[in-house]
Amino acid sequence: SGPRVIGITDPYDNKIRGSLRYALKTDDLSWEVITKSAVQRFVQIFESRQVGKQLEEFARNAENLGAGDASEPIRVLAEGIMRVAAGERASDIHLEPKESLFRIWIRCDGRLRHVMSVSSQVGQGLVGFWKVKSGIKEVKGQAGDGAFRAIVNGVDVDVRVSVVPAVSSDSMVLRLHNERAAFWRLAELG
């Protein structure tokens, strides 16, 4: 099948190469030079996948509880979605109702990325949670706007919330504004 291809930032670092040969128990390795920013991005993707698995577990917990018991799992799931979005430097979170489920998207660098899908019951719970948190009055069939502040990953985030009625439920967008992230250092831009 050929050698394993290993990305390395310094192909002349024999200590790292030897450690990788030892850890992988093979000498059949091929070395490719990659940038430090590529390594950092890979680590971010790996961590976001791990968090995504955790979000799925939170969603399952919310599904398994009855309507009267669901507020805590909904809160935990809502906070987890906010943590993922903030960790990915997302500018907004979208909750899109479909026939029997809600699709949850985040916008990163101008592109919408699907994060997860949850049941209609859990999606409506999330919409309700964020409506209450942002002070949007519950008026059936009417659009609404609100806002709240939250500490997400240790950072103060201003969240603007918009709700638009849809066929099966309300559609929601949460716009995240992190004042600290408004000015990035050159090294952070990649």
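**Note on the predicted model: sheets, helices and core**

1. Strand β7 (residues 155-165) and strand β8 (residues 170-177) pair in the antiparallel sense, with eight bridges between them; here two strands count as paired if DSSP finds at least two bridges between them, and helices (H or I, at least four residues) and strands (E, at least two) are DSSP runs numbered from the N terminus. Within this pair, Pro165 stands opposite Asp170 of β8.

2. On the basis of the work: this is a predicted model, in which local features need pLDDT of at least 70 and side-chain atom pairs count only at pLDDT 80 or more, while totals for chains, interfaces and linings use all residues. Residues are numbered from 1 along each chain as its sequence is written, and side-chain values use heavy atoms, with hydrogens and water left out.

3. The open sheet has six strands in the order β5-β4-β3-β8-β7-β6, paired in the antiparallel sense. Because β5 (111-119) and β6 (144-152) stand at the edges with a single partner strand each, one side of each is left without a neighbour in the sheet. Direction ignored, neighbouring strands of this sheet are turned by 20 degrees against each other on average.

4. Helix α3 (residues 71-87) packs on this sheet and touches β3 (92-97), β4 (101-108), β5, β6, β7 and β8, its direction making about 75 degrees with that of β6; contact means heavy atoms within 4.5 Å, and axes are lines fitted to C-alpha atoms, for helices over the stretch in contact, with angles from 0 to 180 degrees between N-to-C directions. Helix α4 (residues 120-134) lies across β3, β4, β5, β6, β7 and β8, and runs at about 115 degrees to β5.

5. The largest nonpolar core has 35 residues, of which Leu77, Met82, Ile93, Leu95, Leu126, Trp130 and Leu174 touch the most other members; such a core is a set of buried Ala, Val, Leu, Ile, Met, Phe, Trp, Tyr and Cys residues joined through side-chain atoms within 4.5 Å. Its largest share, seven residues, comes from α3. Not counting residues up to four places away in sequence, the contacts of Leu95 include Phe102, Leu126, Trp130 and Leu174.

6. Ser100 lies in the loop between β3 and β4, and counts as exposed because its relative accessibility is 55% (buried means under 20% relative accessible area, exposed over 50%, partly exposed in between, with a 1.4 Å probe and protein chains only). Although Ser100 and Ser119 are 19 residues apart along the chain, their C-alpha atoms are separated by 6.4 Å.
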